[in-house]
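Here is a short walk through one chain, taking a few spots in turn. Have the sequence and the model open as you read.

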Amino acid sequence: MSATDGGQEAGSFSFTQENLELARRIIAKYPPGRQQSAVMPLLDLAQRQNGNWLSRPAIEYVADMLEMPRIRAMEVASFYTMYNLKPVGKHFVQVCTTTPCWLRGSDDILHTCEKKLGIKAGETTADGQFTVVEAECLGACVNAPMVQIGDSYYEDLTPEAMEAILDALARGETPKPGPQNGRVASCPSGGPTTLTEMARRNGVKPAGQD
């Protein structure tokens with residue numbers, strides 16, 4: 001029986017047929033005898049199947065598939081913050097609070113999440129829809145402050161934009177990821193100042209041009 005509801009530590013775990021085939025393709029990318037190198041992508045695959053967290057049976061299943069000591073797989077799962085070792089909400093909101101985001105107002109973004117959802121950082125709403133945590137640098141410093149929700153980045157946030165994103169998720173919608181202030185990717189907030197011809201060809205207005 002597979003653990004798929006994300007609610008309890010299940011007694012056993014196994015990949016679905018689709019994920020089993022994907023796991024075999026991932027393992028095949030590595031040289032013979034080096035299949036243990038696939039532990040991270042397989043743990044990620046197991047986590048996605050298991051409601052975005054890794055139960056002990058899921059970790060042990062991956063270890064057994066890769067013919068590696070179970071403790072070594074547990075060491076990997078407990079070291080990297082990308083793996084959740086306890087159940088989290090459907091929408092896993094990671095608020096970056098490292099220095100660049102903090103200087104740009106990440107405290108306000110975190111407080112907005114806590115106030116809107118009625119929980120504190122590290123907690124999950126009673127309906128299991130949202131978990132909010134503080135995260136270390138997520139690598140989008142130019143577009144600070146930002147959050148990661150699932151696989152999506154939401155950047156250039158204000159408290160109002162953050163609240164709108166949470167409202168959309170609660171309605172079952174998928175907010176558009178990326179900058180929330182009209183910025184294109186990581187261009188300067190006023191528009192590109194270099195490679196302006198390339199910018200125009202891609203439909204981006206350079207800085208200082210109406």
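Helices (H or I, at least four residues) and strands (E, at least two) are DSSP runs here, numbered from the N terminus. Bear in mind that this is a predicted model: local features need pLDDT of at least 70, side-chain atom pairs count only at pLDDT 80 or more, and totals for chains, interfaces and linings use all residues. Residues are numbered from 1 along each chain as its sequence is written, and side-chain values use heavy atoms, with hydrogens and water left out.

**Two glutamines**

Q180 sits in the loop between strand 6 (178-179) and helix 8 (196-201), while Q148 belongs to strand 4.

| Residue | Relative accessibility | Class |
|---|---|---|
| Q148 | 15% | buried |
| Q180 | 29% | partly exposed |

Both side chains have a polar contact to look at, meaning a pair of N or O atoms within 3.5 Å; within protein, one must be able to donate a hydrogen and the other to accept it, and residues adjacent in sequence count only if both atoms are side-chain atoms. For Q148, the side chain reaches the backbone oxygen of G150 at 2.9 Å. For Q180, a polar side-chain atom lies 3.0 Å from the backbone oxygen of K176.

Now for the contacts (heavy atoms within 4.5 Å). Setting aside neighbours within four places in sequence, Q148 touches F92, V93, Q94, L138 and Y153. V39 is 141 residues from Q180 along the chain, and their C-alpha atoms are 35 Å apart.

**Helix 6**

How far apart are the end C-alpha atoms of helix 6? They are 17 Å apart, which agrees with the 16 Å that its 12 residues (106-117) should span at 1.5 Å a residue; the expected span is 1.5 Å times one less than the number of residues. An α-helix has 3.6 residues a turn, so residues three or four places apart point the same way. The buried residues of helix 6 are S106, I109, L110, T112, C113, E114 and L117. Their cover includes strand 1, helix 5 (99-103), strand 3 (130-135), strand 4 (147-149) and helix 7 (159-170). Just after helix 6, G118 takes a positive phi of about 70 degrees.

**One more loop**

M82 is found in the loop between helix 4 (70-79) and strand 1 (91-96). At a relative accessible area of 41%, M82 is partly exposed.

Terms used: Buried means under 20% relative accessible area, exposed over 50%, partly exposed in between (1.4 Å probe, protein chains only).
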